[in-house]
Amino acid sequence: EKGGYDHFMLKEIYEQPSVIKDTYRGRLLANEGIIKLGGLEDHIQKFVNANRIIIVACGTSWHAGLVAEYIFEDWARIPVEVEYASEFRYRNPIITEKDVVIAISQSGETADTLAAIKLAKQKGAFVYGVCNVVGSSISRETHSGTYTHAGPEIGVASTKAFTTQITVLTMIALKLAKVKGTISQANYMQHLRELELIPSHVEEALKSDEKIRAIADVFKDASNFLYLGRGYNFPVALEGALKLKEISYIHAEGYPAAEMKHGPIALIDEHMPVVVIAVNSNHYEKVVSNIEEIKARKGKIIAVVTEGDTTVKELADFIMEVPKTTETLSPLVTTIPLQLLSYYIAVMLNRNVDQPRNLAKSVTVE
Ligand code: F6R
């Protein structure tokens, strides 16, 4: 059942090239420049006329929502707020009929997310679901939606659900941007094509498996980790830290790289491994100077870089390479080495990788 892998988590990490493809298959026709999402076509005007989009989710799904915020605002020019479902539901939020709420949930059973949806519906908002489990409570409670096609996710730590959620959200953003005319034709076409290349890029990123295992061996006894990223990769830093803490029980924090100097930099010394996402982007130079600041304080740097990178390679103690894609789509590849790093650290510490202590696959109580 684990298909020859030691754990479901590893199997699911390795399934990502094929499930990302399953998620866009029949929906993305790159050569024709078409995106077809059944659940979206009939309601596209709701999105186009929306004052704002409110994304509600928990945990890893909330991180996918944060990535989507950057993508939606950039391409579709619709204001986006991303909310923890548990906070949103209890603070008497302002919701109107002009709001579109997107609920993201792998299981489709998360109690807080379900309650947030019910509240949004009462207030007259249009509610759209991005779920993995067909027929789940959230998929039934939403007005419409798009399924991720990740297949069953058994490992408690969410991996393939995250990347397929981003795949769906990216297609929604591209479709809206196209309909609204807020994206250039060239950018639109380039991203349809790039999205089709993601499965092979993920495949390529997975080939660093052994190098990552060696890095895990070096840092497995650390008691803290810091994860830093900027822009589209800030949420990936949060997700990398969450993955590490939930399966290895090592304390980890994710931060926007620029926030480091506002506090966390005080933690940095020779015992602090810092994972920095430093792929090609508009922020590259700025991330390089963040790395120099860490180095000056003797922090150990593990950097996720674009293949062929030389600058960061010279500064970092260890690098994990990923193939080049656009900055917008980069979270789909930068996530992969971080999943493997936490997996191998947890295995080396003899943790129960697929069923970490105190955690459940779906959180049906608040
Ligand atoms: C992290 C993890 C949890 C879930 C969260 C939401 O690896 O598994 O943080 O992401 O409980 O679950 P869903 O997406 O099922 O609503």
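Let's start with a pair of strands. Strand β6, residues 126-131, is joined to β7 by four bridges, and the two run parallel. Within that pair, tyrosine 128 stands opposite serine 144 in β7. One caution before we go on: this is a predicted model.

Now the sheet around that pair. It is an open sheet of five strands. The order is β4-β3-β5-β6-β7, and the pairing is parallel. Which strands stand at the edges? They are β4, residues 80-84, and β7, residues 144-147. Each has a single partner strand, so one side of each is left without a neighbour in the sheet. Neighbouring strands here are turned by 20° against each other on average, ignoring direction.

What holds strands together in general? Strands of a sheet pair through backbone hydrogen bonds, either parallel or antiparallel.

Next, the helices on this sheet. Helix α7, residues 111-122, packs on it and touches β3 (52-57), β5 (99-105) and β6. The direction of α7 makes about 165° with that of β5. Helix α9, residues 160-180, also packs on the sheet.

Which residues of α7 are buried? Ala111, Asp112, Thr113, Leu114, Ala116, Ile117, Leu119 and Ala120. Keep the helix rule in mind. An α-helix has 3.6 residues a turn, so residues three or four places apart point the same way. The buried residues of α7 pack against β3, α6 (85-88), β5, β6 and α8 (137-141). After α7 comes glycine 124, with a positive phi near 90°.

Look at β3 now. Six of its six residues are buried, so β3 is largely enclosed by the rest of the structure. In a regular strand the side chains alternate between the two faces of the sheet. Are the faces of β3 covered or open? Both are covered. Arg52, Ile54 and Val56 are buried on one side, and Ile53, Ile55 and Ala57 are buried on the other. β3 pairs in the parallel sense with β5, over five bridges. There, the bridge partner of isoleucine 54 is valine 101 in β5. Five bridges also join β3 to β4, again running parallel. In that pair, isoleucine 53 stands opposite valine 80 of β4.

On to another sheet. This one is also open, with five strands in the order β9-β8-β10-β11-β12 and parallel pairing. At its edges stand β9, residues 251-256, and β12, residues 318-322. Each has a single partner strand, so one side of each has no neighbour in the sheet. Neighbouring strands are turned by 20° against each other on average, direction ignored.

Inside this sheet, β8 (224-229) and β10 (273-277) pair in the parallel sense over three bridges. Tyrosine 227 has valine 275 in β10 as its bridge partner. Two helices to point out here. Helix α11, residues 209-219, packs on the sheet and touches β8, β10, β11 (300-306) and β12. The direction of α11 makes about 150° with that of β12. Helix α12, residues 234-248, packs on the sheet too, touching β8, β9 and β10. The direction of α12 makes about 175° with that of β9.

Follow valine 275 across. It stands opposite isoleucine 302 in β11. β10 and β11 pair in the parallel sense over five bridges. Six of the seven residues of β11 are buried, so β11 is largely enclosed by the rest of the structure.

Is glutamate 246 buried or exposed? At 14% relative accessibility, glutamate 246 counts as buried, because buried means under 20%. Its side chain makes a polar contact of 3.2 Å with that of lysine 243. Leaving aside neighbours within four places in sequence, glutamate 246 is in contact with Ala157, Ser158, Pro356 and Leu359.

Last, the core. In soluble globular proteins, nonpolar side chains tend to be buried together. Here, the largest nonpolar core has 91 residues. Which members touch the most others? Phe72, Ile102, Phe225 and Tyr227. A second, separate core has 22 residues, including Ile268, Val276, Ile291 and Ile294.

How values were computed
Residues numbered from 1 in each chain as written. Predicted model: local features only at pLDDT ≥ 70, side-chain atom pairs only at ≥ 80, totals over all residues. Heavy atoms only, no water. Core = buried A, V, L, I, M, F, W, Y, C linked by side-chain atoms within 4.5 Å. Buried < 20%, exposed > 50% of the residue type's maximum accessible area, 1.4 Å probe, protein only. Pairing = 2+ DSSP bridges. Axes fitted to C-alpha atoms, helices over the stretch in contact; angles between N-to-C directions. Contact = heavy atoms within 4.5 Å. Polar contact = N/O pair within 3.5 Å; in protein donor to acceptor, adjacent residues only side chain to side chain.
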